[in-house]
Amino acid sequence: MNIVAALRPKVRSKSLASLALAVCLAGLTLAACQRSPSGPEIVISEAWGQPLPASAANGAIYMQIRNRGDQPDTLLSASSPVCSALELHETEQENDIASMHLAHTGLPIPAGQVVELKPAGLHLMCVDKQADFRQGAAIPLSLEFEKSGAIALEASIRLPP
Ligand SMILES: [Cu+2]
């Protein structure tokens, strides 16, 4: 009896994670072995920033951070080769005056949810930008998550949707 046949009765009654493990034990695919059966799965989409005059010192970047996994994760920090710092900011509205402050602690990304960085809310602030935020430009970013590690992406500079 080979190992796949031996495992089959158990696999039928269990989850996909067990199936992945069975495939892993059978040595059929390396990819199945490297994927943990559960955890966060971060997908970042629609990263963008508004076009700005070249003289503007800072530029805001927005995006949707989705966690398709079954465990929470936390955005710890962000960086870009074209920003002196890439800070997580939160905009607050008080008496018709908008002000920004640094969000000091990490940003939780709960399992199965989407955290939206958008105008008048959370954003990443490219401080002392060295890139021109002209329409059509792409700004390289790297976001560091507690469990998922670093995720690289580009934000496109365009008009608001
Ligand atoms: Cu800001």
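**Close-up 1. Asp-73 and its surroundings.** Leaving aside neighbours within four places in sequence, Asp-73 is in contact with Pro-40, Ile-42, Asn-67, Ile-109, Phe-145, Glu-146, Lys-147 and Ser-148, where two residues are in contact if their C-beta atoms, placed from the backbone, lie within 7 Å. This is a predicted model, in which local features need pLDDT of at least 70, side-chain atom pairs count only at pLDDT 80 or more, and totals for chains, interfaces and linings use all residues. Residues are numbered from 1 along each chain as its sequence is written. Asp-73 belongs to strand 3; helices (H or I, at least four residues) and strands (E, at least two) are DSSP runs, numbered from the N terminus. Asp-73 counts as buried because it has 23 C-beta neighbours inside 10 Å. By definition, a residue is buried if 20 or more other C-beta atoms lie within 10 Å of its own, exposed if 12 or fewer, and partly exposed in between, with C-beta atoms placed from the backbone. Between the C-alpha atoms of Asp-73 and Pro-108 there are 6.1 Å, although these residues are 35 residues apart along the chain.

**Close-up 2. The whole chain, for orientation.** The protein has three helices and ten strands, and their order along the sequence is α-α-α-β-β-β-β-β-β-β-β-β-β. Of its 161 residues, 20% count as buried. Among the contacts in the protein with a separation of 6 or more, 64% are accounted for by residues 24 or more positions apart. The mean pLDDT is 84, and 76% of the residues reach 70 or more; pLDDT is the predictor's confidence in each residue, from 0 to 100. Over residues 1-14 the pLDDT is below 50, and this stretch has ten contacts in the model beyond near neighbours in sequence.

**Close-up 3. The largest nonpolar core.** The largest nonpolar core has 24 residues, and those with the most contacts inside it are Ile-61, Met-63, Leu-124 and Leu-141. A nonpolar core is a set of buried Ala, Val, Leu, Ile, Met, Phe, Trp, Tyr and Cys residues joined through C-beta atoms within 7 Å. Two or more residues of this core come from each of strand 2 (59-67), strand 3 (73-79), strand 4 (85-94), strand 6 (107-109), strand 8, strand 9 (138-145) and strand 10 (149-157). Strand 2 gives the largest share, five residues. Apart from its neighbours within four places in sequence, Met-63 is in contact with Ile-44, Ser-45, Glu-46, Ala-47, Leu-117 and Ala-155.

**Close-up 4. Val-115 in strand 7.** Val-115 lies in strand 7 and is partly exposed, because 16 other C-beta atoms are within 10 Å. Not counting residues up to four places away in sequence, Val-115 touches Ile-65, Leu-107 and Ile-109. Val-115 and Met-63 are 52 residues apart in sequence, and their C-alpha atoms are 8.5 Å apart in space.

**Close-up 5. The partners of strand 1.** Strand 1 and strand 2 pair in the antiparallel sense over five bridges, and two strands are said to pair if DSSP finds at least two bridges between them. Ile-44 has Ile-65 in strand 2 as its bridge partner. Strand 1 is also joined to strand 10 by two bridges, and these two strands run parallel; here Trp-48 stands opposite Ser-156 in strand 10.

**Close-up 6. Strand 4 between its pairings.** Strand 4 is joined to strand 8 by six bridges, and the two run antiparallel, with Glu-87 opposite Met-125 in strand 8. Strand 4 also pairs with strand 5 (residues 97-102) in the antiparallel sense over six bridges, and the bridge partner of Glu-90 in strand 5 is His-101. Strand 4 and strand 5 form a hairpin with two residues between them, and Asn-95 in the turn has a positive phi of about 50°.

Close-up 7. Most residues other than glycine have a negative phi. Glu-46, which is not a glycine, has a positive phi of about 55°. Glu-46 is placed in strand 1 (residues 42-49) and is partly exposed, because 13 other C-beta atoms lie within 10 Å. Ala-120 is not a glycine either, and has a positive phi of about 70°. Ala-120 lies in the loop between strand 7 (114-117) and strand 8 (122-127), and is exposed because 10 other C-beta atoms lie within 10 Å.
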